[in-house]
Amino acid sequence: MTDQTYCDRLVQDTPFLTGHGRLSEQQVDRIILQLNRYYPQILTNKEAEKFRNPKASLRVRLCDLLSHLQRSGERDCQEFYRALYIHAQPLHGRLPSRHALRPVSFLAGLGLAVGLALLLYCYPPDPKGLPGTRRVLGFSPVIIDRHVSRYLLAFLADDLGGL
């Protein structure tokens, strides 16, 4: 799976960011000022004034700003995310683009857990064979994914009592 660019993320996050009450006027102003002061090539003084115009609604100004950044390119979108993190960190953590891959990761891990469980069920280790085989299999998923390891360890816990 290819990584999303910052511009792709911004397209995905725009409906969330422009939702009612997500960003306050002060947060948007701080983001605009940061982009203007530290990166005048991203937002000129004239553009910053336009996006901070109190005559337009906050939602309209934010939509215009995000559209401008998407047209400007990858680096500008990346700097927006940096400013968003600085001035609205809790909101930054809830962005849809930050959580897009988690369900896929969980399903892949769950598939691995089911596969290992079936392997142990269909081909249990020979009791006369190597001692501790199940114990090694039981604790190796900790490296794979912390969410998967909980389920796999719980499944194998019943078999560990006999070792």
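The model is predicted: local features need pLDDT of at least 70, side-chain atom pairs count only at pLDDT 80 or more, and totals for chains, interfaces and linings use all residues. Residues are numbered from 1 along each chain as its sequence is written, and side-chain values use heavy atoms, with hydrogens and water left out.

Is Asp 29 buried or exposed? Asp 29 counts as buried because its relative accessibility is 15% (buried is under 20% relative accessible area, exposed over 50%, partly exposed in between, with a 1.4 Å probe and protein chains only). Now show the neighbours of Asp 29. Leaving aside residues up to four places away in sequence, Asp 29 touches Arg 52 and Arg 61 (contact means heavy atoms within 4.5 Å).

Next, select α2 (residues 25-38) and helix α4 (residues 58-72). Their axes come within 11 Å and cross at roughly 30° (axes are lines fitted to C-alpha atoms, for helices over the stretch in contact, and angles run from 0 to 180 degrees between N-to-C directions). That angle makes α2 roughly parallel to α4 (under 35 degrees is roughly parallel, over 145 roughly antiparallel, 65 to 115 roughly perpendicular, the rest oblique). Show the side chains between these helices: Glu 25, Val 28, Asp 29, Ile 32 and Leu 35 of α2 meet Leu 58, Arg 61, Leu 62, Leu 65 and Leu 69 of α4. By class, this contact of α2 with α4 has seven nonpolar, no polar and three charged residues (Ala, Val, Leu, Ile, Met, Phe, Trp, Tyr, Cys and Pro count as nonpolar, Asp, Glu, Lys and Arg as charged, and the others, Gly among them, as polar).

On the α1 side, select Cys 7, Leu 10, Val 11, Thr 14 and Leu 17, which meet Leu 62, Leu 66, Leu 69 and Gln 70 in α4. The contact of α1 with α4 has seven nonpolar, two polar and no charged residues.

Finally, display the whole protein. There are ten helices and zero strands. Of its 163 residues, 33% count as buried. Among contacts between residues at least 6 apart in sequence, 65% join residues at least 24 apart.

Conventions:
Helices (H or I, at least four residues) and strands (E, at least two) are DSSP runs, numbered from the N terminus.
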